[in-house]
Amino acid sequence: MLRTPPPQHFEPVKVRRALREYAFNVRQRTDAEKPVPAEVQTILNWVKRNSLPMSAWEKTEHVDRVVTALSTRLDGTAAAASSVRRNDRIMNLVMAYAIRHNYLKANPLPKGKGERTAPKVAQAIDKRCLLNGDQVAKMLDWIGQRPRRGRIYRAFFATLYYAGLRPEEAVALRVGDATLPETGWGEFLVHEAQPEVGSQWTDTGEVHEKRDLKGRAEGDTRLVPIHPRLAVILREIIEKYDLGSADLLFPGERGDMLAGSVFRRVWAKAREEVLSEHEFKSPTGKRVYDLRHTCLTAWMNEGIPHSEVAEMAGNSVPVLQAIYARCIIGQREVYLKRAEAALELPEVAA
């Protein structure tokens with residue numbers, strides 16, 4: 001939506017930073033105590049002078065150019081299907097805002113198969129990302145032996161593996177949210193999530209943003225069972241770090257919320273140290289979230305009803321089945337035997 005490309009002396013990364021962190025960020029551009037740097041203001045002034053008016057959306061060639069950009073990476077190659085779908089959703093929200101505020105009369109973006117076919121996004125996870133018990137055991141052991149806060153990180157990752165929580169749910173847990181009997185199964189009362197969105201994007205200036213549970217009504221909660229082995233690990237860190245009922249179950253360095261950049265770095269280092277070269281280069285456990293995938297897959301493979309797994313995981317049954325459809329193993333043989341018996345024909349008398 002620019003008349004001409006930015007001047008060559010404007011580094012592309014600095015142009016994107018100026019737009020992202022100032023032009024598109026209300027808190028930054030209205031903060032009187034932190035004025036916009038002169039270099040950034042120069043870029044923004046140029047962008048303002050060279051931006052096309054909203055009337056440009058009425059011309060097909062401009063719309064086509066934007067649609068192409070939404071499907072292309074910065075290096076000119078095609079973007080992933082998931083990225084294209086996300087970009088499309090964002091742009092349609094922008095168009096809805098423009099219509100609501102009378103900048104546009106109608107959404108100019110193409111709709112339907114006749115104008116543009118949205119790329120298909122595979123919902124099912126890649127089976128290769130799942131970890132086996134031996135891999136998880138070795139990685140948790142390696143993490144637990146790290147100096148200083150190794151046991152905290154070990155307990156955090158063990159919670160994702162044994163209880164299938166999302167990382168943003170686990171970091172928000174308080175000690176009082178966990179019922180931990182001396183023997184047997186315990187229980188988490190999960191009632192909030194605190195995803196890491198960056199201090200420049202939250203109203204409070206905090207790195208994490210407090211939200212209700214994903215896919216649940218405001219103020220809703222869910223109960224998640226705590227595996228007996230996980231209960232032992234959690235009791236150990238509560239005692240070692242003298243945590244009170246109101247304290248975070250997995251506190252950061254200064255008692256604040258565990259930073260995603262830190263626990264992702266710990267996990268990446270554990271993969272590098274523990275996994276074989278082939279496993280390390282594969283998708284196996286590449287994301288911290290893969291611990292949750294491994295847990296939910298195990299529950300479903302053990303025959304726990306999908307409705308029960310969905311309740312514990314905080315998903316709907318259709319979403320759960322779509323995501324883990326390729327990971328349910330060991331049950332086809334049972335079903336085929338049932339089908340064989342059901343389709344068996346009686347012998348015809350000679």
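This is a predicted model: local features need pLDDT of at least 70, side-chain atom pairs count only at pLDDT 80 or more; totals for chains, interfaces and linings use all residues.
Colleague: Where is confidence lowest, and where is it highest?

Modeller: The protein chain averages a pLDDT of 86, and 90% of the residues score at least 70. Confidence is lowest in helix H6 (residues 112-115), with a mean of 52, and highest in helix H8 (residues 150-163), at 96; helices here are DSSP runs of H or I with at least four residues, strands are runs of E with at least two, and both are numbered from the N terminus.

Colleague: Why is Arg166 called buried?

Modeller: Buried means under 20% relative accessible area, exposed means over 50%, and partly exposed lies in between (1.4 Å probe, protein chains only). Arg166 has a relative accessible area of 2%, so this residue is buried. Arg166 lies in the loop between H8 and helix H9 (167-170), and its contacts (heavy atoms within 4.5 Å), not counting residues up to four places away in sequence, are Leu160, Lys214, Arg222, Tyr289, Arg292, Ala313, Gly314 and Asn315.

Colleague: How do you know that Pro167 counts as buried?

Modeller: Pro167, which lies in helix H9, has a relative accessibility of 11% and therefore counts as buried. Leaving aside neighbours within four places in sequence, Pro167 is in contact with Phe156, Leu160, Phe263, Val288 and Tyr289.

Colleague: What makes a set of residues a nonpolar core?

Modeller: A nonpolar core is a set of buried Ala, Val, Leu, Ile, Met, Phe, Trp, Tyr and Cys residues joined through side-chain atoms within 4.5 Å. The largest such core has 46 residues, of which Phe156, Phe157, Leu165, Phe188, Leu234, Leu249 and Phe250 touch the most other members. H8 gives the most to this core, with 9 residues. A second, separate core of 15 residues includes Ile125, Leu130, Met312 and Ala313.

Colleague: How do you know that the buried residues of H15 line one face of the helix?

Modeller: The buried residues of helix H15 (residues 317-324) are Leu320, Ile323 and Tyr324. Seen down the axis of H15, these residues fall within an arc of 80 degrees, so they line one face of the helix; the arc is that of the directions from the helix axis to the C-beta atoms. The buried residues of H15 pack against helix H13 (290-301) and helix H14 (306-313).

Colleague: Why is the pairing of Glu21 and Arg17 called a salt bridge?

Modeller: A salt bridge is a side-chain nitrogen of Lys or Arg within 4 Å of a carboxyl oxygen of Asp or Glu. The side chains of Glu21 and Arg17 meet at 3.5 Å, N to O, in a salt bridge, and both residues lie in helix H1 (residues 12-23), 4 residues apart, about one turn of the helix. Glu21 also forms a salt bridge with Arg20, the closest N and O atoms being 3.3 Å apart.

Technical notes:
Residues are numbered from 1 along each chain as its sequence is written. Side-chain values use heavy atoms; hydrogens and water are left out. pLDDT is the predictor's confidence in each residue, from 0 to 100.
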